Amino acid sequence: MTESLIEFKAVVDMFGITPRTLRYYEYLELLSPTREGRKRLYDKRDIARLKLILRGRRFGLKLEEIRQWLEMYDPQTGNVTQTQAWIEFADKQIAELTERRDEINESIAEIKRLKIVAQDYIKTL
């Protein structure tokens, strides 16, 4: 039974990314599709890696961090090192996002206070 391979354009469409983005991930050696002439064909491993790359980007990981994390993949050890690295990143990112959320909440509260002051000012005119 042959493994199903997905063509470049289908991967771009599947993930809603630009061709340039997909080529860039290949350039950084995050993905390594099979080539048949000019065609790029992606296997299950490439698709799984792309899902992790995009998830990592959404969570705020830099591409170099993602590359290093993907290189830690070792199913023979149960991926302990990779999982520990993820936990460390998660802790760091949660702290950073919590801090940003607190700053946003403070800004919202201040804007609301200033809005009330402006509304009261207009009422006195």
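A residue counts as buried under 20% relative accessible area, as exposed over 50%, and as partly exposed in between, using a 1.4 Å probe and protein chains only. Arg40 comes in at 19% relative accessibility, so it counts as buried.

This is a predicted model: local features need pLDDT of at least 70, side-chain atom pairs count only at pLDDT 80 or more, and totals for chains, interfaces and linings use all residues. Residues are numbered from 1 along each chain as its sequence is written, and side-chain values use heavy atoms, with hydrogens and water left out.

Arg40 lies in strand E3. Strands (E, at least two residues) and helices (H or I, at least four) are DSSP runs, numbered from the N terminus. The side chain of Arg40 makes a polar contact of 2.7 Å with that of Glu26. Such a contact is a pair of N or O atoms within 3.5 Å; within protein, one must be able to donate a hydrogen and the other to accept it, and residues adjacent in sequence count only if both atoms are side-chain atoms.

Now the sheet. Three strands form an open, antiparallel sheet in the order E1-E3-E2. E1 and E2 (34-36) stand at the edges with a single partner strand each, so one side of each has no neighbour in the sheet. Strands pair if DSSP finds at least two bridges between them. Three bridges join E2 to E3. Thr34 stands opposite Leu41 in E3.

Turn to helix H1 (residues 8-15). Its buried residues are Phe8, Val11, Val12 and Phe15. Exposed Lys9 and Asp13 sit on the face turned away from the buried side. Just after H1, Gly16 takes a positive phi of about 65°.
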